[in-house]
Amino acid sequence: MEYNEIVTQVIEFLGTFAFAISGIRHAAAKHFDWFGGYVCGIAVAIGGGTIRDVMLGATPFWMTNPFYIICTALALVFVIVFSKYMEGLRNTWFVFDTLGLALFTIAGMQKSLVFGQPYWVAIIMGCITGSAGGVIRDVLLNNEPVIFQREIYAMASVAGGIIYWLLDYCHASIEVTVVVTFLLICIIRFLAVRYHLSLPTLKTD
């Protein structure tokens, strides 16, 4: 297995756990039972990656390795066991959601590049991988999808994809590229929420 493939798998594992916790926490806020929480967790954890793989003509990643299903189950156990402690952490779900967005954006780009796609396609695939799972989660929870709200979400993923492209063009190492991209996406999300930054809204006459 090549080094880049190992890095991609590690990122996908971490992103799965982070996104699964985010989905389960949202389900807990709606007072879903454990099974409902697991369904929301798995939906957000594998939803975006599944859409990406189907578009790339690949077997969905979770069908080739049971770890992702198991990882979501571990995330459910984690939330159940530490729920009292997590309740005291303000905006915990937001942190995990942001981490998942950053990690899955990177994983989506890397897999697209492995499949020989140009960078503009890889950026789109990274955005789909990072944000589509959240859309599925919000639909299941009957919430307005976060990408349609005013806060910057998908555009943080796109910005991360562009910086990934630029760093690779400058022949930066994979480690530097991944770390810088990850930090940029997280910083954009945190600053956007902290200072209520958003894109201009559409207006009718």
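Author: A salt bridge here is a side-chain nitrogen of Lys or Arg within 4 Å of a carboxyl oxygen of Asp or Glu. The model is predicted: local features need pLDDT of at least 70, side-chain atom pairs count only at pLDDT 80 or more, and totals for chains, interfaces and linings use all residues. Residues are numbered from 1 along each chain as its sequence is written, and side-chain values use heavy atoms, with hydrogens and water left out.

Reader: What is the N to O distance in the salt bridge of D138 and R137?

Author: D138 and R137 are both buried, where buried means under 20% relative accessible area, exposed over 50%, and partly exposed in between (1.4 Å probe, protein chains only). Their side chains meet in a salt bridge, and the N to O distance is 3.1 Å.

Reader: Is R52 buried or exposed?

Author: R52 forms a salt bridge with D53, with the closest N and O atoms 2.9 Å apart. The relative accessibility of R52 is 0%, so R52 counts as buried.

Reader: Which residues are linked with R52 in a network of salt bridges?

Author: D53 pairs with R52. The side chain of D53 also meets that of K111 in a salt bridge, at 3.1 Å from N to O. This pair links distant parts of the chain, with K111 in helix α5 and D53 in helix α2 (residues 34-56), 58 residues apart; helices (H or I, at least four residues) and strands (E, at least two) are DSSP runs, numbered from the N terminus. The residues linked with R52 in the network are D53 and K111.

Reader: Which helix gives the largest share of the nonpolar patch?

Author: W34, V77, I80, V81, F82 and Y85 make a nonpolar surface patch of about 650 Å². Patches are made of residues with over 30% relative accessible area and no salt bridge, like charges being joined within 9 Å and nonpolar side chains (Val, Leu, Ile, Met, Phe, Trp, Tyr) within 5 Å; accessible areas come from the Shrake-Rupley method with a 1.4 Å probe, and for residues only the protein chains shown count as cover. V77 is partly exposed because its relative accessible area is 46%. The largest share, three residues, comes from helix α3 (residues 67-81).

Reader: Which residues does L199 touch, not counting residues up to four places away in sequence?

Author: L199 lies in the segment after α8 (174-194). Its C-alpha atom is separated by 10.0 Å from that of Q149, 50 residues apart along the chain. With contact meaning heavy atoms within 4.5 Å, L199 touches R150, I152 and M155.
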